[in-house]
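Let's walk through this model together, one feature at a time. Have the coordinates open as you read.

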Amino acid sequence: MINNVLSPPRPGASPPVFDDPRGRRRRIMTAVGIGVCFLCLCVLAVFASLLYAAPNAPSTSPAEAAHTTPRR
């Protein structure tokens, strides 16, 4: 009895946190990672298209085209 008081029985070992024998969590996290990566690439593509300026872009307002001669 003195042994039980001095060293009480310890609970059994719990299973590992990342115990995933079928790989379900890994597949889910891989799919989420691919989705986030694709979303980031889409956002970067949108920002790149907004920042891109064509060097020979046509005039965008009539005031810019006022000093040109019409073609006939």
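L39 counts as exposed, because its relative accessibility is 54% and exposed means over 50% relative accessible area, buried under 20% and partly exposed in between (1.4 Å probe, protein chains only). This is a predicted model, in which local features need pLDDT of at least 70 and side-chain atom pairs count only at pLDDT 80 or more, while totals for chains, interfaces and linings use all residues. Residues are numbered from 1 along each chain as its sequence is written, and side-chain values use heavy atoms, with hydrogens and water left out.

You will find L39 in helix α2, which covers residues 24-51. The secondary structure as a whole consists of two helices and zero strands; both are DSSP runs numbered from the N terminus (helices: H or I, at least four residues; strands: E, at least two).

Now for the cover that the fold provides. Of the protein's 72 residues, 1% count as buried. The protein exposes about 7600 Å², with 66% of that supplied by carbon and sulfur atoms; accessible areas come from the Shrake-Rupley method with a 1.4 Å probe, and for residues only the protein chains shown count as cover.

What about the cysteines? Zero disulfides turn up in the whole structure, a disulfide being a pair of cysteine sulfur atoms within 2.5 Å. C37 is in no disulfide, and its nearest cysteine sulfur, that of C40, is 6.8 Å away, too far for a bond. C37 is partly exposed at a relative accessible area of 44%, and C40 also counts as partly exposed, at 43%.
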